[in-house]
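Let's walk through this model together, one chain at a time and then across the place where the chains meet. Please have the sequence and the 3D view open as you read.

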Amino acid sequence: MNPDDALYDEQVVRPYVMTRGRTEARAKLDLISLAVTIRPATGVEMGLDPEHLKIVRLCKRPLSVAEIAAHLDLPAGTVRVLLGDLLDRGFIAVQEPQPEVDVLDERMYRAVLDGLRAL
Amino acid sequence: MVSGPSDGKKMPVPIKLLIAGGFGVGKTTMVGAVSEIKPLRTEETLTDRSVGVDDLSGVESKNTTTVAMDFGRISIGDDFVLYLFGTPGQERFWFVWDELARGALGAVVLADTRRLADCFPSVDYFERRGTPFIVAVNCFDDAPRYDLDEVKLALNLGPDIPVLLCDARRRDSGKEVLIALVQHAYGRRPMAKV
């Protein structure tokens, strides 16, 4: 095997290049924060990279940061940065998880228990 | 109050549950048994903020650790979606996992009676952090069977921590474990104690 072949097996563009060196997302998104596309991207949008467009296409139904990262095979941190860009530009909406103090809601526990029993 | 998207698209509220325990105890198996999707893997880069182990004295730069987590999903109608995260096997990374545990409704600590000590770090972690947890003993075919009270004693668990037997391969068994966890978490709500 030609050692150069290894170059083509790997992702050629490094995650930090996709985020232009940014490692901290402005919006601190949890692994389970959900993103959904609210405005389709045409593909000729200024400043959107292929990964941004992939996310916009992927999130036609709500998907978590963790799911987007898994589907795109990118680290979660990279996905957070890309989602921050899309959020700023109004392509996606985000649903945050219940804050820890709010995980007291009786209705939520009942709904989850009923849902699990019905599985 | 959780705010939703402004355009009227209804989004479920995501809820996080953790499946912890030692390496090879069946965490991913359990995630896969109850998940509506094939378990996915995600990588999270964590920064060591207070390193107790592997202390690299004199090294100025922050250490980062990449941990891989397998996870699955269970939709609860249109209102909620449960994400089940199998925590990485290297228990020594627990101390940087506050991010994973933050906001989690609760945790299942999976135990194997052949290597019971493997779940000590998880039990310690959730006790210290105050995350509601239960212990589920995964019944491997060739593992010795113990009375649940013996397991409770060996793990030095408080009387209020539920311990149950399970088969991580079976969906109905995993489902029972999750129901027990949510019931336990419900009883542990600060409001429930008032």
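This is a predicted model: local features need pLDDT of at least 70, side-chain atom pairs count only at pLDDT 80 or more; totals for chains, interfaces and linings use all residues.

Chain A is built from 6 helices and 3 strands, where helices (H or I, at least four residues) and strands (E, at least two) are DSSP runs numbered from the N terminus. Residues are numbered from 1 along each chain as its sequence is written, and chains are lettered from A and ligands numbered from 1 in the order in which they are written.

Chain A has 119 residues, and 41% of them count as buried (20 or more other C-beta atoms within 10 Å of the residue's own, with C-beta atoms placed from the backbone). Among contacts in chain A with a separation of 6 or more, 72% join residues 24 or more positions apart; a contact means that the C-beta atoms, placed from the backbone, lie within 7 Å.

Now look at a helix pair inside chain A. The axes of H3(A) (residues 50–58) and H5(A) (residues 76–88) come within 10 Å and cross at roughly 75°, the axes being lines fitted to C-alpha atoms over the stretch in contact, with angles running from 0 to 180 degrees between N-to-C directions. The two helices are therefore roughly perpendicular (65 to 115 degrees). H3(A) brings Glu51(A), His52(A), Ile55(A) and Val56(A) to this contact, and H5(A) brings Leu82(A), Leu83(A), Asp85(A) and Leu86(A).

Turning to chain B, S3(B) and S4(B) run antiparallel and are joined by 7 bridges. They form a hairpin with 3 residues between them, and Gly77(B) in the turn has a positive phi of about 55°. Ile76(B) has Phe80(B) of S4(B) as its bridge partner.

Where do the chains meet? Across the interface, 36 residues of chain B are in contact with 34 residues of chain A. On the chain B side, the elements that each supply at least two residues include strand S3 (64–76), strand S4 (80–86) and helix H5 (171–187).

One helix pair spans the two chains: the axes of H6(A) (residues 106–117) and H5(B) come within 10 Å and cross at roughly 165°. H6(A) and H5(B) are therefore roughly antiparallel (over 145 degrees). Residues making the contact include Tyr109(A), Leu113(A) and Leu116(A) of H6(A), and Leu178(B), Ile179(B) and Val182(B) of H5(B).

How values were computed. Two residues are in contact if their C-beta atoms, placed from the backbone, lie within 7 Å. A residue is buried if 20 or more other C-beta atoms lie within 10 Å of its own, exposed if 12 or fewer, and partly exposed in between; C-beta atoms are placed from the backbone. Two strands pair if DSSP finds at least two bridges between them. Angles under 35 degrees count as roughly parallel, over 145 as roughly antiparallel, 65 to 115 as roughly perpendicular and the rest as oblique.
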